Amino acid sequence: MAGVFFEQLLNGLTIGAVYVLLAAGLSIIFGVMDVINFAHGEFFALGAYLAVAIVAVGTGGGMFWLALLVAPLVVALIAAVIERGTIRPLYGRNPLYHILLTFGLVLIFEDVISFVWGDNAKQFAQPPLLRGPVDLLGFSYSKYNFFVIAIGVVMAVGTWLLLNRTRFGLVVRAGAQDREMVRHLGIDIDRYYTLVFAFGAFLAALAGIVLGAKQSVNPGMGNSVIIPAFVIVVLGGLGSFRGAVVGGFGVGLIETFLRSPPFGLDAFLPNLEGLVIFLLMIGVLLVRPQGLFGNPEWESSDGGGELLTGGGGGVLDGQTRFRLGALVVALLALAPLGIGVLYTSYEVNSLLLTTLVWALFALSLDFVMGYAGLVSLGHVLFFGLGAYSTVLTVEHGMPSVFVALGVGMVVAALVAWAVGHLSIRVSGVYFSMITLGFAELFFQLVQKVGFTGGSEGLFGFDPVYGLTSGPEVGDVSLLGDIELYYYFVLAAVVGSYLLARRMMNAPFGSVLQGIRESEERASFIGYDVTAYKRRAFVVSGGLAGLAGGLSAIHTGGVSPSVFAWINSGEVIVMTILGGMGTLYGPMIGAGVFFGLQELLQSFTEQWQGILGVVFVLFVIYVPEGLVSVPAMLSRHTNDETGGGPEPVAEPDSEVSN
């Protein structure tokens, strides 16, 4: 029994060492630069793939050691170029923009890796020196695992010494606390920031190589580690190097002992695998938002910075925008007339319908992100709950689509109230992380609970338009090949937009915008800021639940993948692309997102990478989204003509800059 326990302990330390390398880089980058790097997992994957390429060049164990040195350096060089070209222009903005930017980088890296190395898993051999077991005090264990643990410990100690015992570390720590002060001392702090970002990528690539030689290398390996890495960083404290080390080893041990528990606990504990670390993350954030260790090494900022919202003015006044909106709705209503003439039924029944559903989802996110300043990284939780609740109501309750969607909205809104009640007291990055934790928790739960269909999900249900019977949804055709469900969704989306717009033009919306502009001022004049934010979060959750229910009916079912964090990333992309704080901007963003996706898919398999490039360029150069383009053009025209009238704020504008 003791031998089994000791073996599991070493297995946990082996995985923990990989986590330490991964999380340490992530934590240092945030602690020094306030950059939340979602592309960190792709540096991890890129390091492993470069090792595959280097080892394939020659034979013998020497190639592994060469790859262990060269591949992380190449990744660090790539990271330095990325920092200078894309991240540096965002310094001074809210750290949440870094999330959006690095999400675009994830799309680019994934496609580049897939294009160069293909989608099949790769393997490279461990060096002969590290193969086989080693006997130590009568206990036999893998040499390679000892090597991984040793790499993790050596790099952790070396990094600590670098940051705390060298001039480089002194400058970096001073720059984290007061960047301008360091610059006034004549030190090129930007160069140090580039080195820090490259060093973090170096550690991630090293982690990818040591794990890649132990397991296989595949395109999804970056995505599979980025969420656990964030959990570790949040548990330890955003920006805390000590927290990353302790959290990395701790999460490695917890995962290992839950997967293969000793002492006869294997009948119960494996069911908790995947749940415990997210429960820990949520618990720590609720009790101690700054994490177990805070960020004493850096004492950096708490996530401030400018959060830009879209501007709908410029050359388009309110009446023109209203007419354009009415025209778009009319065109959507008449779109089925073009089936068989201009396009097939797929463009309407599938593409347009999907766009409308996601436009509603993006609208729901804008309700809290654009107006209350709450960036929910786990907003897919409410979308998924709406989908599951709708399907379960149809299957086990009443098959009426109206009742099922109503139940989906209510369930999503209730959970939004509970999540909001617990999490809105924290703000900024911490709020984003806690919502991500709740979404990941439900992602794990639906795969373990029987009535949700487990990992297979729920498919094959038949909703109807009546209360207990009637025409089945999707089987009623109008105008040739168009389904009645298309008009049902169009009406739901337009109605939701009008409701949201009415709420934002009411005093409730004015208070929300006031809170977004200055939370302290709103609180000082007597508004209960937390209560207003929570109400907005509940409304947003209900709208997201409606979108999820509509999506489930459209696709004919629901599976756990609906809770995947990448869906939250995509809806944020749409919101930023269109323009936050306008309601209609994110809906335009959804249309452009799916339109570009459909267009690029017909030309290249690397459409995702091109979409990522477009998004990165938008975050850098058009941060206020597509709706701000008319204003940009207007300013540009006035500059060229040497003047023009000063812009006048519209009294009924929904937007403030």
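Figure 1. On the side of domain 1 that touches domain 2, the residues comprise 6 nonpolar, no polar and no charged. The number of salt bridges between domain 1 and domain 2 is likewise 0.

**Figure 2. Domain 1 and domain 2 bury about 700 Å² between them****.** Of this buried area, 95% lies on carbon and sulfur atoms. The contact involves 6 residues from domain 1 and 7 residues from domain 2.

**Figure 3. The protein is divided into two domains, domain 1 and domain 2****.** Domain 1 covers residues 1–219, and domain 2 covers residues 357–568. The centres of domain 1 and domain 2, taken over C-alpha atoms, are separated by 37 Å.

**Figure 4. The largest cavity of the predicted model has a volume of about 80 Å³****.** The lining of the largest cavity includes Phe-38, Ile-99, Leu-100 and Phe-103. Leu-377, Leu-436, Trp-565 and Ser-568 also line the largest cavity, as do Gly-569, Ile-572 and Val-573.

Conventions
Residues are numbered from 1 along each chain as its sequence is written. This is a predicted model: local features need pLDDT of at least 70, side-chain atom pairs count only at pLDDT 80 or more; totals for chains, interfaces and linings use all residues. Side-chain values use heavy atoms; hydrogens and water are left out. Domain bounds come from an automatic or database domain assignment. Contact means heavy atoms within 4.5 Å. Buried area is the accessible area (1.4 Å probe) that two parts lose on being put together, summed over both. A salt bridge is a side-chain nitrogen of Lys or Arg within 4 Å of a carboxyl oxygen of Asp or Glu. Ala, Val, Leu, Ile, Met, Phe, Trp, Tyr, Cys and Pro count as nonpolar, Asp, Glu, Lys and Arg as charged, and the others, Gly among them, as polar. On a 1 Å grid over the protein atoms alone, a cavity is a set of points where a 1.4 Å probe fits but cannot get out, and a pocket is an open set with protein on both sides within 12 Å along at least five of seven lines; lining residues have an atom within 4 Å of a point. Grid points are joined across faces, edges and corners, and a volume is the space filled by probe spheres set on the points.
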